[in-house]
Amino acid sequence: MIPLHIRARKLFKKSAPSLAALRANTIELLTKRDLIVIIFFTILGLGGVFAATLITITAPDSQGAGYIRATACDESVNISASPVLNNADGQFYVPTISLSEISQNVSTGCGNKVMQIALKINNEVRYASWNIPAGITDSTFYLTNITSSLGSNYADTQLTQFKATDLTNVAISQIGTYTPNRIEECVASIADPNWTKTTLLAAIGKTEQELLTLVNNNTWYIQVAADASFGTNHANNPDIYCGDSNNNYVPYLDSNSSTLDYFFGGAGNDSVNTSWNSIFYGGEGNDSIVTLAETSRFYGGAGTDTASSVIGGSTFYQDSSG
């Protein structure tokens with residue numbers, strides 16, 4: 001991979017003033033420690049997507065507190081704006097800013113860490129942050145008119161669109177860590193790029209807040225493979241089983257006539273004895289089920305998967321994620 005500062009220099013030679021000129025226009029932002037500041041200027045107004053140029057400055061002690069080095073968890077984050085032309089005044093406005101190629105790896109990236117952005121817009125600094133969930137792929141996170149209440153890929157606050165020419169300075173930094181919720185623990189355990197928090201919630205048909213409330217009320221149960229109780233069946237209450245790369249076994253999938261149990265196997269040779277009106281996503285590996293009953297569905301995924309008995313309107317889909 002080309003080092004970030006080299007990529008940035010090449011881009012700025014083509015599309016921006018000299019680095020010295022940019023330095024002259026930087027502001028001292030918010031910290032007692034060195035803070036890496038990303039300077040956009042008119043490139044954002046033109047809609048460019050580029051690897052951010054990093055300029056180190058030292059802020060006065062009297063401003064802010066407690067930042068650690070910007071993007072300490074990932075030095076190859078790309079930042080872009082999505083300017084839209086307003087036909088009424090002929091100006092470009094920015095309704096969305098995105099941070100892409102953010103590594104969600106817990107050990108080597110930004111997984112389970114908090115990322116913050118500071119924008120200097122028309123001489124006023126605005127802030128937003130994201131809790132970056134653990135994952136095995138790079139992802140994009142947005143600052144727009146949608147907030148994290150609708151998904152972790154969105155910032156904790158809304159962005160009020162602004163004129164592209166009013167944005168002069170941007171800083172990003174990792175400001176801490178956070179404890180993942182039960183859904184995020186589930187996704188991290190499955191460790192399958194097909195299953196993000198968004199796709200898992202879509203498969204279940206719940207929003208994040210709805211599912212967390214049900215789990216906190218002991219109405220639904222999320223079981224992660226590392227749990228000592230993994231595989232426990234809660235009778236008429238829905239169970240969500242989150243496998244891992246090992247060979248995971250769930251004896252029974254069975255909720256009630258109006259709800260389902262779900263088993264996301266992940267990699268490994270996962271297996272179920274009997275499924276009644278439930279769904280089993282096998283994932284990679286040679287997955288199997290003995291009896292698929294009462295309109296259950298088994299999506300085998302990659303590998304050689306088997307269903308010994310398929311009855312009662314149930315369906316077995318080989319090599320499919322649903």
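This is a predicted model: local features need pLDDT of at least 70, side-chain atom pairs count only at pLDDT 80 or more; totals for chains, interfaces and linings use all residues.
Visitor: How many helices and strands does the chain have?

Guide: The chain has six helices and 22 strands, where helices (H or I, at least four residues) and strands (E, at least two) are DSSP runs numbered from the N terminus.

Visitor: And how much of the chain is buried?

Guide: Buried residues make up 48% of the 322 residues in the chain; buried means under 20% relative accessible area, exposed means over 50%, and partly exposed is in between, using a 1.4 Å probe and protein chains only.

Visitor: What happens at the two ends of α4?

Guide: At the start of α4, a side-chain oxygen of N181 comes to within 3.0 Å of the backbone nitrogen of I183, and just after α4, A191 has a positive phi of about 50°.

Visitor: At what angle do α4 and α5 cross?

Guide: Their axes cross at roughly 105° and come within 10 Å, where axes are lines fitted to C-alpha atoms, for helices over the stretch in contact, and angles run from 0 to 180 degrees between N-to-C directions. The two helices, α4 and α5, are therefore roughly perpendicular to each other, since angles of 65 to 115 degrees get that name, while those under 35 count as roughly parallel, those over 145 as roughly antiparallel and the rest as oblique.

Visitor: Which residues meet there?

Guide: From α4 there are I183, E184, C186, V187 and I190, and they meet K197, L200 and L201 of α5. By class, this contact of α4 with α5 has six nonpolar, no polar and two charged residues, where Ala, Val, Leu, Ile, Met, Phe, Trp, Tyr, Cys and Pro count as nonpolar, Asp, Glu, Lys and Arg as charged, and the others, Gly among them, as polar.

Visitor: What about α4 and α6, how do they cross?

Guide: The axes of α4 and α6 come within 9 Å and cross at roughly 100°, and α4 and α6 are therefore roughly perpendicular to each other. The contact is made by R182, I183 and E184 on the α4 side and by E208, L211 and L212 on the α6 side.

Visitor: Changing topic, how many salt bridges are there?

Guide: A search of the whole structure finds four salt bridges, a salt bridge being a side-chain nitrogen of Lys or Arg within 4 Å of a carboxyl oxygen of Asp or Glu.

Visitor: Which of them involves R182 and D227?

Guide: The side chains of R182 and D227 meet in a salt bridge at 2.4 Å, N to O. R182 lies in helix α4 and D227 in the loop between β13 and β14, so the pair ties together parts that are 45 residues apart in sequence. R182, E185 and D227 are linked in a network of salt bridges.

Visitor: And what does K197 pair with?

Guide: K197 forms a salt bridge with E184, with the closest N and O atoms 2.7 Å apart, and E208 forms a salt bridge with K197, with the closest N and O atoms 2.8 Å apart. E208 lies in helix α6 and K197 in helix α5, so this pair ties together parts that are 11 residues apart in sequence.

Visitor: Are K197 and E184 buried or exposed?

Guide: Both K197 and E184 are buried, and E208 is buried as well.

Visitor: Last one, where is D261?

Guide: D261 is found in the loop between β15 (249-254) and β16 (262-264), and D261 is buried, with a relative accessible area of 0%. A polar atom of the D261 side chain lies 2.8 Å from the backbone nitrogen of D239.

How values were computed:
Residues are numbered from 1 along each chain as its sequence is written. Side-chain values use heavy atoms; hydrogens and water are left out. A polar contact is a pair of N or O atoms within 3.5 Å; within protein, one must be able to donate a hydrogen and the other to accept it, and residues adjacent in sequence count only if both atoms are side-chain atoms. Contact means heavy atoms within 4.5 Å.
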